Every structure is written in C-alpha cells, then in structure tokens.
Amino acid sequence: EGSVHPARLDGLVGEVQSYLARRLRGLVVVRARLPDHLRAVKEYFLLGRGDLFQALIEVTRGLATLAPTETPDHDVNEPYRKAALLSFADEDPMFSRTRLVLDPGGKDTAGAGGGSGGEEA
C-alpha cells in the first residue's frame with residue numbers, strides 16, 4: 001500500500017509540468033507582454049529602428065564638441081526624445097519605457113547600484 005508506482009508518479013509529474021508551463025506562459029508572455037518588451041529591445045537597443053537612430057545622429061551632431069556636464073544622462077536623453085518625435089517612435093507605447101544611460105567612468109552600472117543598465121524595456 002505504501003509504495004509509489006513509477007508510472008503513476010511520472011504521469012503526475014507530467015501533469016504538474018504542463019500546468020506550470022501554461023501558468024508561466026500566461027504570466028510571462030501574456031500578462032507581462034514579453035514579446036512587446038523583446039521587440040522594444042530589438043528596435044531601441046539593437047538599432048532595429050534605423051529612422052530613430054538616423055534622427056538621433058542628426059540631432060546630436062554638435063553634442064560631441066561640447067564640454068561634458070554634470071548631467072550626461074539628461075544631455076543624451078533630451079536629443080533621444082527629440083529624435084523619437086522626428087521618427088514617430090514616441091507613438092510606440094514601449095518607447096516611454098526606454099532611456100539611455102551613460103557610464104563615463106567605465107564602471108558597471110548594472111551592478112549593485114540599482115540595476116540601471118541602460119534600458120528598462
């Protein structure tokens with residue numbers, strides 16, 4: 001009576017695995033909108049939106065000749081937002097979740113400082 005049947009245990013493990021896979025898909029893919037976030041990473045950080053980055057190049061043409069300021073993140077994100085207006089990227093709901101982060105010191109910003117590694121998508 002107290003023995004476990006391997007076939008029955010295997011079937012139970014399979015049912016639990018199927019349930020958890022469906023639940024995880026519902027949470028990650030549907031509720032958290034994983035495909036939208038991956039598309040945003042591709043478009044905004046892997047240069048998938050060439051029009052945005054062309055506009056960014058044009059808007060920041062003179063920025064490199066200016067002296068550095070105390071707010072480099074702000075200095076680069078203002079032109080980034082302007083380029084988004086020019087390329088209509090600002091109409092994408094995921095764009096508002098992106099920002100550029102500069103690390104002029106060369107240290108790792110994705111570490112213990114709050115996980116701000118340059119993108120929020």
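**Figure 1. Leu 47 in the loop between H2 and helix H3.** In this predicted model, Leu 47 occupies the loop that runs between H2 and helix H3, the latter spanning residues 50-59. Although Leu 47 is not a glycine, its phi is positive, at about 60°. Most residues other than glycine have a negative phi. The relative accessibility of Leu 47 is 55%, and the residue therefore counts as exposed, the cut-off being over 50%.

**Figure 2. Arg 33 in the loop between helix H1 and H2.** Arg 33 belongs to the loop between helix H1 (6-31) and H2. Its backbone has a positive phi, near 55°, in a residue other than glycine. Arg 33 counts as partly exposed, because its relative accessibility of 37% falls between the limits of 20% and 50%. The side chain of Arg 33 also takes part in a salt bridge, which is the subject of the next view.

**Figure 3. The salt bridge between Arg 33 and Asp 36.** The side chains of Arg 33 and Asp 36 meet in a salt bridge with an N to O distance of 3.2 Å. Asp 36 has a relative accessible area of 29% and is partly exposed. Arg 33 is likewise partly exposed, with a relative accessible area of 37%.

**Figure 4. The salt bridge between Arg 39 and Glu 43 within helix H2.** Both residues lie in helix H2, which covers residues 34-45. Arg 39 and Glu 43 are four residues apart, about one turn of the helix. The closest N and O atoms of this salt bridge are 3.0 Å apart. Arg 39, at 29% relative accessibility, counts as partly exposed, whereas Glu 43 is buried, with a relative accessible area of 16%.

Figure 5. Arg 39 and Asp 92 meet through their side chains in a salt bridge, at 3.0 Å from N to O. This pair links distant parts of the chain, with Arg 39 in helix H2 and Asp 92 in the segment after helix H4 (72-87). The two residues are 53 residues apart. Asp 92 is buried, with a relative accessible area of 11%. Through salt bridges that share partners, Arg 39, Glu 43 and Asp 92 are joined into one network.

**Figure 6. The chain as context for the close-up views.** The predicted model has four helices and zero strands, and the pattern read along the sequence is α-α-α-α. The salt bridges come to a count of four; among them are the pair of Arg 33 with Asp 36, that of Arg 39 with Glu 43 and that of Arg 39 with Asp 92. Of the 121 residues in the chain, 21% are buried. Among contacts between residues at least 6 apart in sequence, 52% join residues at least 24 apart. The accessible surface of the chain comes to about 8900 Å², and carbon and sulfur atoms account for 58% of that surface.

Methods: Residues are numbered from 1 along each chain as its sequence is written. This is a predicted model: local features need pLDDT of at least 70, side-chain atom pairs count only at pLDDT 80 or more; totals for chains, interfaces and linings use all residues. Side-chain values use heavy atoms; hydrogens and water are left out. Buried means under 20% relative accessible area, exposed over 50%, partly exposed in between (1.4 Å probe, protein chains only). Contact means heavy atoms within 4.5 Å. Accessible areas come from the Shrake-Rupley method with a 1.4 Å probe; for residues, only the protein chains shown count as cover.
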